[in-house]
Every structure is written in C-alpha cells, then in structure tokens.
Amino acid sequence: MSLFASAAEIDVQAFAALCEQPVNLADYPHAQQVLNRVVIYHAESLRSAMRHERRALMSELHGLFRDGPGVLVVRNAYPDTDVIDRHSEVFRQIIAEESARVVRADHFARPGANQRIWNALQKAAECSPDSFIEYYANPLLGLLAEAWLGPYFQSTAQVNVVTPGGQAQQPHRDYHLGFQSDEVVARFPLPLHRLSQNLTLQGAVAHTYMPLETGPTLLLPFSQLYEPGYLAWRDQDFIDYFASHATQLPLQKGDLLFFNPGLFHAAGTNRTTDQYRMANLLQISSAFGKPMETVNRERLVLALYPLLLKRVEQGELDQEGLEAVIAMSADGYSFPTNLDTDPPLHGMAPQTGQQLLEQAVQERWPLARFTQAVEALRAKRLA
Ligand SMILES: [Fe+2]
C-alpha cells in the first residue's frame, strides 16, 4: 500500500468497523465508568493515583488516547467551582473589552454567533494573574498533557462561548493536519498523519453546566484510529456516519473533556434560549511541535511572577501547584536556540524558561532580577 494516500482511497465501511468497537472498563483500572463509550474518571482517584503510581496511570491514559476510544471525561476536576467562576469573570471582562473593538470570526461558525478569545492563556494571565494561578495550579491538566505528550508541553488556550441558538460545527479533526486542505494533507506520508495526532492534545474545561440541550461536543469514539481520517472528514458519507453515531455527554461545571486531536468531533447546537455554554479549550502541543498560536511567554511569566512569589511565600501555593502553573505558562524546551550564545549548560540542553522561573521562585528573586534574567535568556536565544 502506498504511504501517500489520496482522498479517493477513503472507505466509510472500514471507518465504521473501527468506530463500532466496544469499550472495556477493565482496560482502564483507574476509571469509574464508561458512558456512551467515553471513559469517565473521577478527579479524586486520579489525584491519588498520580501521587502513588504516576507512570502506570500515564500509560493507561496514553493507551486510551492512542488505541482506545480516544476521549475521556474527568468529573469534578475543580471541586471548588468558585475558581472556575472567578476565571469565567476574567474571560467575560476580556470578551467585553474585545467585542467593543472588533467582531471576531470563528473557523466553523458565523462571525458573531459565538464569542471567542484567542490566546486566552496570555490574556488571562495579564488580566488577572491571581485568577490564572489558582486556576492553572490544578495538576490534573498537566497529568493529562504529560500522559499524551511527555514533559515540556506548550499550552495554549482559547475560550469559546456558544450563545443560545448557536449552531453545531461540522465534524472535523483538529491541528495539525485538520487545518489543511485535502490536497495539502495528501502530500504528507501516512506516518506523518499519525504523528500529527501525537503532537497535540485537545482539552476543554467546562465553565458552565452543559446539559445536552446546550450542545456539548459531539464525539465519535475510536475515529482517531482511521489512518486516512484527515482526508475523510469533509466527505458526505463520513459526515452522515458521524451524524448517526456520534455521542454527547452532559458536563458539569469543572469537568474536563480531553481527546486525541484526530478524533472526529463537533460542537453541538445550543437549543436553549437563555443558556450560554462556556468552555476554555486547551490546545496543548508537544515540545517537538509548532503550536498553532503564538504566546508571548516572557510577558506571561512576568505578569505572573510577583503573585506567584507572594503565594509561595505565604504558603498559599504548594510545590505541586507551583509546578503545575510553571508547566502551563513558561517555555519548557531549550530549542530552537542560538548555540553560539546559549550553549549547553549542565548537560545536553541549555536552560529553559521553566527552569529559570522555578529557580527565581525558589531563590525568591525580586521582580527586577527576574525581569533581567528573562530578557537575557531571550537575547541569548536569538540568532
Ligand atoms: Fe475542534
């Protein structure tokens, strides 16, 4: 078989055979139940397992995203939903400021139908570092990201608010190859289609209660397994199959929904007249991949630093929470860099933004010293 597939070779029967597999709860020993073939975890069990058997747990999660249904829900990931509400308020403030300036367009919806915040990661940190820290101190986000991507992942966030009457998306796959035309996708050999899935993890934090009538994401378990799937999601037979087989789960505020970016999915229609559905979409990239969005991580960490330091000094943020915030905010990878000016330090890889931030907090550097160090690191890495 050719390693370069074309859209003419897709086969909806083969797709259906993959997508109709059952899910065996016994394959996911840390899970609580399987609902509509989506694996459901309870945050408490994950928190306990990540401390005592992290590698076994990450292996289970990786297997679920790769060979299993490809999608999971974590219930009650934010037991204190006030943390979510405070961050929603930050998002509302950003939306209000931006909508006063410009009408934002979405990839799959009419302009104005949804409210979006691009680069919500940096904007939220700059708008309210306090809220950012308490929100991203949740280690479950990093657990899921690391299980799929390994360490040094690069998080981005986009907020989506689907207004009453907001229409469903077309089923699709996501970044990387999900954002290319069939012609471009066909130029990539099939092993790179698989690699594309491994370079990103798609996640969402539910910021509102999402009963089915508000249109939580439609999902097709196992659809990530269909190898030429990036060439198939625009095909009418596949769209029809999705329409009759996709599943949808109601979510509670503070639930997480994470899935393989190769999974066929689509936001649902909001059939209510008065309920706004808000999700913070986390698109998390491998250290080895190019994220879709640029984030000015220097500005982001400088915005966070004074409050991060204060919370650590006052005992309001433990080591686990600190590491979680650092992992979601600072640059975790040493490359690309300028090897003339930024040579390897204590091993093979030069210092990263995450290591610098960790050192500064541990040694209680004043902001001015940290600012200088961030600028020096940036200058060293430029060619
Ligand atoms: Fe998507």
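**Note on a predicted two-domain chain**

1. The C-alpha centres of domain 1 and domain 2 lie 28 Å apart, where domain 1 covers residues 7-285 and domain 2 covers 297-381, the bounds being taken from an automatic or database domain assignment. The contact draws on 23 residues from domain 1 and 19 residues from domain 2, with contact taken as heavy atoms within 4.5 Å. This is a predicted model, in which local features need pLDDT of at least 70 and side-chain atom pairs count only at pLDDT 80 or more, while totals for chains, interfaces and linings use all residues. Residues are numbered from 1 along each chain as its sequence is written, and side-chain values use heavy atoms, with hydrogens and water left out.

2. On the extent of the interface, domain 1 and domain 2 bury about 1800 Å² between them, and 66% of that area is on carbon and sulfur atoms. Buried area here is the accessible area, computed with a 1.4 Å probe, that two parts lose on being put together, summed over both. The size of an interface is often given in this way, as the accessible area lost when the parts come together.

3. The side chains of R311 and D130 meet in a salt bridge, at 3.1 Å from N to O. Helices (H or I, at least four residues) and strands (E, at least two) are DSSP runs, numbered from the N terminus.

4. Strand β3 (residues 71-75) deserves a separate look: five of its five residues are buried, so β3 is largely enclosed by the rest of the structure. Buried means under 20% relative accessible area, exposed over 50%, and partly exposed in between, with a 1.4 Å probe and protein chains only. V71, V73 and R75 point one way from β3, whereas L72 and V74 point the other way, and all are buried. In a regular strand the side chains alternate between the two faces of the sheet.

5. As to the partners of β3, four bridges join it to β2 in the parallel sense, with H42 standing opposite R75. Four bridges also join β3 to β9 (residues 256-259), and these two strands run antiparallel, with L72 opposite F258. Two strands are said to pair if DSSP finds at least two bridges between them.

6. A separate open sheet can be described by its order, β8-β7-β10, three strands with antiparallel pairing. Its edge strands are β8 (247-248) and β10 (265-266), each of which pairs on one side only. Strand β7 (residues 218-219) pairs with β8 over two bridges, and L219 stands opposite T247.

7. Most residues other than glycine have a negative phi, and most peptide bonds are trans. A cis peptide bond joins Y175 and H176, with omega about 5°, and H176 is found in the loop between β5 and α8 (182-186). Another cis peptide bond joins F335 and P336, with omega about -5°, and P336 is found in the loop between α12 and α13. N36, in the loop between β1 (33-35) and β2 (38-42), has a positive phi near 50° and counts as partly exposed at 44% relative accessibility. N119, in the loop between β4 (114-117) and α5, has a positive phi of about 45°, and it counts as buried because its relative accessibility is 12%.

8. T352 is found in the loop between α12 (319-329) and α13 (353-362), and counts as buried at 4% relative accessibility. T352 and G332 are 20 residues apart in sequence and 5.6 Å apart in space, C-alpha to C-alpha. Not counting residues up to four places away in sequence, T352 touches D331, G332, Y333, S334 and L377.

Key:
A salt bridge is a side-chain nitrogen of Lys or Arg within 4 Å of a carboxyl oxygen of Asp or Glu.
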